[in-house]
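Dear colleague,

Please find below the structure for your review. My notes on its aromatic contacts follow.

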Amino acid sequence: MTVVRASLDDVDDLRGFLRDVDLTLAGLGEPTVQLWIERDTDGEIVGSTGFELSEDRRHALIRSVAVAPRHRTAGTGSRLARNAMDHARAAGATRAWLFSRRSGPFWQKLGFTSADRNELAAALPDAHQVRLFVETGQLEREVAWSQRLGDAGR
């Protein structure tokens with residue numbers, strides 16, 4: 001299977017996939033949110049990944065990293081997460097951030113460390129997920145993670 005850049009035609013399928021795995025849907029169709037998907041031979045999405053850059057392009061909010069339950073083996077999630085980090089780095093980001101209440105150990109294996117959620121929100125105030133969490137009060141319940149982009153997590 002190959003990871004390909006998601007198009008606007010993929011957004012409805014991706015929205016359904018992310019809803020099924022209980023991830024945030026905010027901003028999926030917006031041009032600032034860069035997304036990639038992986039489909040099986042039947043055309044079903046089996047994995048996704050993406051990010052959104054800060055206005056100064058130094059910070060990336062890694063988001064929508066998910067793998068369908070039946071494909072959660074052999075490092076698929078790590079490969080997808082690294083794909084987003086590599087693309088964010090290539091776009092100029094020097095720090096990756098993310099929210100995850102359930103998958104801390106996964107992200108720690110990729111070099112992420114616990115971070116201050118308010119610092120994340122200050123670095124990426126215009127990111128769709130950040131705006132949603134601030135507007136709804138959910139930010140205070142979130143767990144933030146961060147990693148300097150370079151050779152970390154490789």
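Phe106, Trp107 and Phe112 make up one aromatic cluster. Rings of Phe, Tyr and Trp (its six-membered ring) are paired if their centres lie within 6.5 Å; planes under 30 degrees apart are stacked, those over 60 edge-to-face, and the rest tilted.

The model is predicted, so local features need pLDDT of at least 70 and side-chain atom pairs count only at pLDDT 80 or more, whereas totals for chains, interfaces and linings use all residues. Residues are numbered from 1 along each chain as its sequence is written, and side-chain values use heavy atoms, leaving out hydrogens and water.

Across the whole structure, the search finds 4 aromatic pairs. Helices (H or I, at least four residues) and strands (E, at least two) are DSSP runs, numbered from the N terminus. Both Phe99 and Phe133 are buried, where buried means under 20% relative accessible area, exposed over 50%, and partly exposed in between (1.4 Å probe, protein chains only).

In helix α5, the buried residues are His128, Gln129, Val130 and Phe133. The helix is followed by Gly137, which has a positive phi near 80 degrees.

Yours sincerely
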